[in-house]
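Please open the structure in your viewer and keep the selection tool at hand. The tour below moves from one selection to the next and says what can be found at each stop.

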Protein chains: 2
Amino acid sequence: MAQKVTPRSKDYSRWYTDVIQKAELADYSPVKGCMVIRPYGYALWENIQQGLDRRFKATGHVNAYFPLFIPESFIKKEAEHVEGFSPELAVVTHGGGKRLDEPLIVRPTSETIINAMYAKWVRSWRDLPILINQWCNVVRWEMRTRLFLRTTEFLWQEGHTAHATPEEAEEEARRMLDVYSDFAENDAAIPVIKGRKSDAERFAGAVRSYAIEAMMGDKRALQSGTSHNLGDNFARAFGTQYLDRNNELRYVHQTSWGLSTRMVGAIIMVHGDDQGLILPPKLAPYQVVIVPIWHDEGEKAQVLATIETITGEFGEAVRCKVDDREEYSPGWKFNDWEMRGVPLRIEIGPKDVAKGQVVLARRDVAGREGKSSAPMEGLLGRVQEMLDEIQANLFAQALKFREDNTSEPTDYEEFKVVVENGFARSYWCGSAECEATIKDETKATIRCVPFDQDGEEGNCIYCGHEATEKAIFARAY
Amino acid sequence: MAQKVTPRSKDYSRWYTDVIQKAELADYSPVKGCMVIRPYGYALWENIQQGLDRRFKATGHVNAYFPLFIPESFIKKEAEHVEGFSPELAVVTHGGGKRLDEPLIVRPTSETIINAMYAKWVRSWRDLPILINQWCNVVRWEMRTRLFLRTTEFLWQEGHTAHATPEEAEEEARRMLDVYSDFAENDAAIPVIKGRKSDAERFAGAVRSYAIEAMMGDKRALQSGTSHNLGDNFARAFGTQYLDRNNELRYVHQTSWGLSTRMVGAIIMVHGDDQGLILPPKLAPYQVVIVPIWHDEGEKAQVLATIETITGEFGEAVRCKVDDREEYSPGWKFNDWEMRGVPLRIEIGPKDVAKGQVVLARRDVAGREGKSSAPMEGLLGRVQEMLDEIQANLFAQALKFREDNTSEPTDYEEFKVVVENGFARSYWCGSAECEATIKDETKATIRCVPFDQDGEEGNCIYCGHEATEKAIFARAY
């Protein structure tokens, strides 16, 4: 019998871990809080990497690599930064059989070690901007971990840029948030809200933090990418200065921005259903699975020959898997690949061969409605068209779901009900006290203050004082 | 004045570090033994990664990711392995502000943590083979480090496979050595000798180790990639067993194989000359640099417009950089890009525009001889042809250099002279004593016992006893 996952509608949290393990995206490791990303999950991550890396390079960024280890004293140079990160650090105290003179921190993020290098590389305005990205692993000691969403070690990219002026740094921080949003919406089919983080949620060491926030299938929020304007905070701590065109010494202004393997968790949670994963075609390791159907050796030869013609036509244009395993029935395979979220299934049996057609089954539309037949002739075009339809439909479904579950409550009583089951878009006076009290009383945090405001004024949902901006409040991962 | 490097002919070692720093491939970091790979060096590594990854996937491998940390007890499970690696380990003793119950090792290589997972994943013969590769960072505490060649942290890929039989494991280990050799010779233009490592040089925990060995520009050897048949050593240590077709429990047979950022060092040392780097076209971040020449604004507009036409024609077919900086002269740019090893330079001035031609300057052929002109019409084809010629020429030059500096000394006295300045190909009786004495007396080690043997018998170059195989002896990095 095919593997089954706990239905999403029954137990969202078990469904999530079930899907990850049964679809072989990842597994628990014997190292506390660390996971193993299995080949199917890693192939998804590789596609995420490619989608981002292409966009980074198109916006003028280059990749580099900085050390895994950071001297403890470096972390301490920026006051807010050390306060934010010290509870989460992993510390190397011994190397080569000896106790180290100065302990080394396994990087939780690389602002400090990178500034140590930028301080050395930057001399004049001619050296700016520096637009560097790094793909790497980072470690943050977490008490409560969850596959992909919160693990002690995770993979990410971290961009670190240095600019001549505050304006350029601000522009860059916003540009990279746009890059993340473009990737999330167009490649991952996840609608996101772009906005500013509140001071309480700001990155330790940043002047301003921005984020893209998405609604998961259980109506909780997930921060899916962040971009920070660091001002000259790290530049001052590390002495990263340049001579401007007038020969005056100035601090650089910096940004950092990151997106991690969390995105895999977002993809699972936004699109999946009771049967398991549903992967957006642009990122799916296999966009199409072909399942042959036969009853005897003669039919088998005929069907497999037809499939060979099809895959020959597909070439590199479609990421396609032919499941010709003998030990499983077609029905078992249908269920298995549905659970694994392959966007489109092609079924071919002897009757199809005779009629010169195939059966197409879309993963995003359940049952009969998702099935259609298509002529063998011109199949590649039809498949690509349908993959585009699936991609667009997944985005549209997710957007509708978010809109259906986002409200603008009229008072705090209604607000408390709303955030139990969705996003509340409410005026906020900007005070940290209101924010903290709301969090205490409802578990909802300010996910972001969206850029998209209507320009009206109103009253803070908690204290009733004047407010000029609405914020998104939600319970979050 | 353009940056100059110490000539290679004058001081090879200083030339090496000069080139790396002035071409901005890498830099020293404030963390002892760890380097920073700068964008130009990282772009080279990305091209190496792509060349390898494509070959891994074509031979049926998939990528995955395993934890950075390995419980100390795991490293100790395979007796030879712990002995080989324990002097080099970096140890995390504290996490999240607390002392850990069991220290964690920062992976020096991942056989142990991966076997902990394979032991869980493998149940039956149907689960085999497992053909997984991982791209990651590893840490080995090194006393004497050297940029790219030996650093405490380095980047690499490590393949880890599990098979049903010893034969399949042996076949895989040899197949991956072939993949490395194909990559080294065809992409990096580095001729390599494939062979078996002596027991003294065998990987800690392997049954047999294989390597590709290359001759650097100073006639020393560099091990450029290794592939190990691990037998069932780790399987026994971790209980990685499967039920065979007869329902009998058997240990898997495994391989591991790795190639690292050392390869960047090899590329520098094999191809570079007194002026600096020479990069093989297949891996060069920029295959072509276009330097415009103008004397006034009118000429500038004309020349840049022509260049735009050319780069438009090149499209994605050639990795091309246009150096239109105003603050440097064409001559300065010529020298600078020569130092940075760009394989082909295109010069375009107003006279060239008028004549509908460009000047091509090959980096691999010095002076006038390397210069030619080519019509603008059909330039892409000519450029691609010339890049192929450069690629082939770099390989041919390196092969000739190795052959010119490889001898078959007739006795040990001659041997001692030969290994001061090249490779000796000599009969070896197979005894560890001869090997050790030779190393003590000459600093030359057995780089490998080449697969390519003539089938003759002879006398050990040291002890004179019967020997059936010749080995390559050399001083090595």
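The stops cover the interface, the relation between the copies, a sheet, and a few backbone details.

Before selecting anything, note that this is a predicted model, in which local features need pLDDT of at least 70 and side-chain atom pairs count only at pLDDT 80 or more, while totals for chains, interfaces and linings use all residues. Residues are numbered from 1 along each chain as its sequence is written, chains are lettered from A and ligands numbered from 1 in the order in which they are written, and side-chain values use heavy atoms, with hydrogens and water left out.

**The interface**

Colour chain A and chain B separately and look at where they meet: 52 residues of chain A are in contact with 52 residues of chain B, contact meaning heavy atoms within 4.5 Å. About 4,200 Å² is buried between chain A and chain B, and carbon and sulfur atoms give 66% of that area; buried area is the accessible area (1.4 Å probe) that two parts lose on being put together, summed over both.

Between the two chains there are 24 residue pairs in polar contact, both residues being at pLDDT 80 or more; a polar contact is a pair of N or O atoms within 3.5 Å, where within protein one must be able to donate a hydrogen and the other to accept it, and residues adjacent in sequence count only if both atoms are side-chain atoms. On the side of chain A that touches chain B, the largest share, six residues, comes from strand S5 (residues 90-95) of chain A. The residues of that side divide into 34 nonpolar, eight polar and ten charged, where Ala, Val, Leu, Ile, Met, Phe, Trp, Tyr, Cys and Pro count as nonpolar, Asp, Glu, Lys and Arg as charged, and the others, Gly among them, as polar.

Now select S5 in both chains: S5(A) pairs with strand S5 (residues 90-95) of chain B in the antiparallel sense over five bridges, and A:Val91 stands opposite B:His94 in S5(B). Strands (E, at least two residues) and helices (H or I, at least four) are DSSP runs, numbered from the N terminus, and two strands pair if DSSP finds at least two bridges between them.

Next, select B:Lys57 and A:Glu46, which form a salt bridge with the closest N and O atoms 3.2 Å apart.

**How the copies are related**

Superposed by least squares on the C-alpha atoms of residues with pLDDT of at least 70 in both, chain A can be laid on chain B with an RMSD of 0.0 Å by a turn of 180 degrees and a shift of 0.0 Å along the axis. The two copies are thus related as by a two-fold rotation axis. Select A:Val92 to find the C-alpha of chain A nearest the axis, 2.1 Å from it.

**A sheet in chain A**

**Backbone details**

Finally, select A:Leu128 and A:Pro129, which are joined by a cis peptide bond with omega about -5 degrees. A:Pro129 sits in the loop between helix H5 (111-121) and strand S7 (130-139) of chain A.

Methods:
A salt bridge is a side-chain nitrogen of Lys or Arg within 4 Å of a carboxyl oxygen of Asp or Glu.
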